[in-house]
Amino acid sequence: MSHLHPGVNETMLCSPRGCDKTSPGHGVRPLQVRVAAATPSKWRDGVVTHLPASGWIGIGLMESDRTIWVWNHADLSSEVTLGTPVAVHALYDMLALGSDRVHVLVAPALPGVDGA
């Protein structure tokens with residue numbers, strides 16, 4: 001994921017004392033969970049297709065041949081494996097892992113890459 005727009009790397013950094021951010025990829029606020037639940041038509045079903053060591057997770061969307069990349073500061077490797085069904089909220093940067101909701105940073109779409 002070396003093609004990220006400026007500013008994305010700074011968003012990814014947590015402080016040395018721990019993560020207290022609520023920006024995408026960090027903590028999730030209860031209001032975010034509620035608004036995502038209130039807009040069920042914006043969830044996009046997918047399957048985990050890539051799990052590189054970088055912490056980014058590649059998700060193949062069911063409705064298209066497109067792969068989107070999401071990141072969370074926590075190591076999600078114990079919660080997802082290749083083939084894990086997930087859902088991504090198109091408006092509120094949420095990843096659904098079963099009944100759990102995780103705030104994610106969604107990589108910007110790159111023209112000509114993965115069907116974008």
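**Figure 1. Burial and fold of the predicted protein chain.** Of the 116 residues in the protein chain of this predicted model, 33% are buried, where buried means under 20% relative accessible area, exposed over 50% and partly exposed in between (1.4 Å probe, protein chains only). The accessible surface amounts to about 6600 Å², and carbon and sulfur atoms account for 57% of this area; the areas were computed by the Shrake-Rupley method with a 1.4 Å probe. The chain contains 2 helices and 7 strands, arranged along the sequence as α-α-β-β-β-β-β-β-β. Helices (H or I, at least four residues) and strands (E, at least two) are DSSP runs, numbered from the N terminus. Among contacts between residues at least 6 apart in sequence, 54% join residues at least 24 apart, a contact being heavy atoms within 4.5 Å. Residues are numbered from 1 along each chain as its sequence is written. Local features need pLDDT of at least 70 and side-chain atom pairs count only at pLDDT 80 or more, while totals for chains, interfaces and linings use all residues; side-chain values use heavy atoms, with hydrogens and water left out.

**Figure 2. Confidence, with residues 5–11 in view.** The average pLDDT of the protein chain is 76, and 68% of the residues score at least 70; pLDDT is the predictor's confidence in each residue, from 0 to 100. In residues 5–11 the pLDDT falls below 50, and this stretch has 8 contacts in the model beyond near neighbours in sequence. Where pLDDT is low, the predicted coordinates should not be read in detail.

**Figure 3. Strand β1 at Asp-45.** Asp-45 belongs to strand β1 (residues 43–50) and is partly exposed, at 48% relative accessibility. Leaving aside residues up to four places away in sequence, Asp-45 touches Gly-60, Leu-61, Met-62, Glu-63, Val-86 and Ala-87. Asp-45 and Val-86 are 41 residues apart in sequence, with a C-alpha to C-alpha separation of 6.1 Å.

**Figure 4. The loop at Asp-93.** Asp-93 lies in the loop between β4 (85–89) and β5 (94–97). Although Asp-93 is not a glycine, its phi is positive, at about 50°. The relative accessible area of Asp-93 is 23%, so this residue counts as partly exposed.
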